[in-house]
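Trainee: I would like to learn how to read this model, feature by feature. Where do we start?

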Amino acid sequence: KFLEILDDCAQMGVKAITFSGGGEPLLHPNIDEAIIRAHLAGIKIGLLTNGILLEGHMAEVAVKRCTWIRISRDGWDPESYSKYRKCKSSDYGKLLNNIEKAVEFGGSCTVGVNIIIDKNNAPHLVDMVCMLNDLGVRSIKFSPCIVSNVSLENNALH
């Protein structure tokens, strides 16, 4: 159904699609085929990912065909990354390697990083940006941590 909807989008003249999710879009078993189909249909592609699966074949497919890829990174070291993402601390090194390799693939894809800022990682932002710069990242999006639809509650957090 996913690929059928994508073909319908191409027939309707959709100009751009962002693959994201209420989870990791690279887990979808047909995401590589979907990216290729969208690209062949002339649709510009954005990808929001945690970056852990952005390696090997998937990295090559995505970086060669996406207009932009934005990778989530909130932690500043293996322990904080593990805490934010509820994953193994060893995933942090894998993430940094995947970011670096995606940037190295080159091409016209802009590989960027999104950092959701909260009181824990705010003191580490300069170091995080310097590290990303060293990896070749040239696009960084900073987002505030949103915990409520009530602005006073968000303000209290920050």
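Mentor: Start with pockets. On a 1 Å grid over the protein atoms alone, a pocket is an open set of points with protein on both sides within 12 Å along at least five of seven lines, whereas a cavity is a set where a 1.4 Å probe fits but cannot get out; lining residues have an atom within 4 Å of a point. Here Ser20, Gly21, Gly23, Glu24, Pro25, Leu48, Thr49, Asn50, Ser72 and Arg85 line the largest pocket. The model is predicted: local features need pLDDT of at least 70, side-chain atom pairs count only at pLDDT 80 or more, and totals for chains, interfaces and linings use all residues. Residues are numbered from 1 along each chain as its sequence is written, and side-chain values use heavy atoms, with hydrogens and water left out.

Trainee: What volume does the largest pocket have?

Mentor: Grid points are joined across faces, edges and corners, and a volume is the space filled by probe spheres set on the points. For the largest pocket this gives about 170 Å³.

Trainee: How do the residues of its lining divide?

Mentor: Ala, Val, Leu, Ile, Met, Phe, Trp, Tyr, Cys and Pro count as nonpolar, Asp, Glu, Lys and Arg as charged, and the others, Gly among them, as polar. The lining of the largest pocket then has two nonpolar, six polar and two charged residues.

Trainee: Now the sheet. In what order do the strands stand?

Mentor: Strands (E, at least two residues) and helices (H or I, at least four) are DSSP runs, numbered from the N terminus. Two strands pair if DSSP finds at least two bridges between them. In this model five strands form an open sheet, ordered 1-2-3-4-5, with parallel pairing. Strand 1 (16-19) and strand 5 (139-144) are at the edges with a single partner strand each, so one side of each lacks a neighbour in the sheet. From one strand to the next, the twist averages 20°. Such angles run from 0 to 180 degrees between N-to-C directions, with axes as lines fitted to C-alpha atoms, for helices over the stretch in contact.

Trainee: Which bridges join strand 3 to strand 4, and strand 4 to strand 5?

Mentor: Strand 3 (residues 68-72) and strand 4 (residues 110-117) run parallel, joined by five bridges. There Ile71 has Val113 as its bridge partner in strand 4. Six bridges join strand 4 to strand 5, also parallel. Asn114 has Lys141 as its bridge partner in strand 5.

Trainee: How many disulfides does a search of the whole structure find?

Mentor: A disulfide is a covalent bond between the sulfur atoms of two cysteines. The test is a pair of cysteine sulfur atoms within 2.5 Å. The search finds zero. For Cys9, the nearest cysteine sulfur is that of Cys66, 15 Å away. For Cys109, the nearest is also that of Cys66, at 5.6 Å.

Trainee: Is Tyr81 buried or exposed?

Mentor: Buried means under 20% relative accessible area, exposed over 50%, and partly exposed in between (1.4 Å probe, protein chains only). Tyr81 lies in helix 4 (residues 78-85). Its relative accessible area is 1%, so Tyr81 is buried. Ile36, in helix 2 (residues 31-40), has 27% relative accessibility and therefore counts as partly exposed.

Trainee: Where is Lys86 found?

Mentor: Lys86 is in the loop between helix 4 and helix 5 (91-105). At 75% relative accessibility, Lys86 counts as exposed. Check its backbone too: Lys86 is not a glycine, yet has a positive phi of about 55°.
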